[in-house]
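Thanks for coming. I will go through one model, starting with a pair of helices and then moving on to the cores.

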Amino acid sequence: MGESREASETAGTVVTTVEDFDRLTADALPNLLDRATTHTRRFLRETGQWADDISHEKLALRWGYEFLERFLVCGRAEVPCRPFLLLDSLIAKYFSQAEPLCYHHGLTSRAVVSRDALMALFYHLYGFGQGQVVKVLGLGAAESQRVYKNFERWRRTGWERAMTEIGITDEDLQEIEDQKHRGKNFDAETERLIRTIQSHYRKSEPQHFPCLSRQQWTDLFDQGYGYDYRAWHLALCRDCLVEVYLLRQDRTDDRPPAIDLQVRPLLKGKVVSFVLKHRGEANGSGRAQRVSAWPP
Ligand SMILES: [Zn+2]
């Protein structure tokens, strides 16, 4: 009982100086982490993304650390404040982007286990077609063929199955697309979100985790090794992708690849997209661009 009273007193405590903020947060670090982890667990549970197993516990803990880190950095600028409540509001703000968060989290978690989803990430985040993926990754003929198959399978079945697994509905997707068309800050928010998510998932794959220097990337491409590492790391690391993208361009004035979120898979062939475009215009809505409306 004493413990919970102490906790609630701490939660309401106001700090008025940065020194007090540092002192309180240092003392309460385990409590703050526990709070951040609990919030995360609840969010995942409420959005149907939770399972009672060790990997989900680890995920919640990693998010907890991530929130805590961000809180310790930005909280000092908020003094005077109630640190515990400040942490709550920071987390709530983050989770209020529930649909985009679920979408990115779900897609990335698929990419960690499915090659099709991994290759499709380049399209979903940057709008790259197969040819661009092949070029950026510097793939040979055999691997290129595989990329085309990855895209094809993803378009036919993989994407829809992933959306079902994540629990994302058509309305959710529409909402994200609407946000994309409405929101001025949409790309910046998306970038912030995917950076956080990618850093979580990179940690799950230690052999593909480390970022390389420009020189190391150059060597890797020149000497033709590390194909698996290229695909995995570049799909899950925005910074390295920008580096490699610029490295792989023929023209020096090319700009880094912008975030260009595509919530639906790449459709096949120009004829189909042409028809869809006109259909969409005809009924005044982008909703005609539903892949499910089109037999493969
Ligand atoms: Zn990297």
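Within what distance do the axes of α7 and α13 come, and at roughly what angle do they cross? They come within 9 Å and cross at roughly 50°. Axes here are lines fitted to C-alpha atoms, for helices over the stretch in contact, and angles run from 0 to 180 degrees between N-to-C directions. Helices (H or I, at least four residues) and strands (E, at least two) are DSSP runs, numbered from the N terminus.

Before going on, the conventions. This is a predicted model, in which local features need pLDDT of at least 70 and side-chain atom pairs count only at pLDDT 80 or more, while totals for chains, interfaces and linings use all residues. Residues are numbered from 1 along each chain as its sequence is written.

Back to the pair. At that angle, α7 and α13 are therefore oblique to each other; angles under 35 degrees count as roughly parallel, over 145 as roughly antiparallel, 65 to 115 as roughly perpendicular and the rest as oblique. The crossing of α7 and α13 is left-handed, meaning that the near helix is turned anticlockwise from the far one by less than a right angle, with clockwise giving right-handed. On the α7 side the contact is made by L118, L121 and F122, and on the α13 side by A231, W232 and A235. Two residues are in contact if their C-beta atoms, placed from the backbone, lie within 7 Å.

Now the whole protein. It has 15 helices and 0 strands. Of its 296 residues, 28% are buried, where buried is 20 or more other C-beta atoms within 10 Å of a residue's own, exposed is 12 or fewer, and partly exposed is in between, with C-beta atoms placed from the backbone. Among contacts with a separation of 6 or more, 71% join residues 24 or more positions apart.

Next, the cores. A nonpolar core is a set of buried Ala, Val, Leu, Ile, Met, Phe, Trp, Tyr and Cys residues joined through C-beta atoms within 7 Å. The largest one has 42 residues, and L121, F122, L234 and A235 have the most contacts inside it. Helices that each supply at least two of its residues include α6 (98-113), α9 (141-166) and α11 (186-202). The most comes from α7, with 9 residues. A second, separate core has 12 residues, including L59, F84, L87 and I91.

Two residues to look at: L234 and L137. Apart from neighbours within four places in sequence, L234 is in contact with V136, L137, C240, L241 and V244. L137 lies in helix α8. Why does L137 count as buried? Because 21 other C-beta atoms lie within 10 Å. Not counting residues up to four places away in sequence, L137 touches R230, A231 and L234.

Last, helix α3. The buried residues of α3 are L32, R35, A36, T37, H39, T40 and F43, and what covers them includes α2 (18-27), α4 (54-75) and α5 (83-95). The axes of α3 and α5 come within 11 Å and cross at roughly 25°, so these two helices are roughly parallel to each other. Their crossing is right-handed. L32, R35, A36, H39 and F43 in α3 meet F84, L87, I91 and F95 in α5. After α3 comes G48, with a positive phi near 70°.
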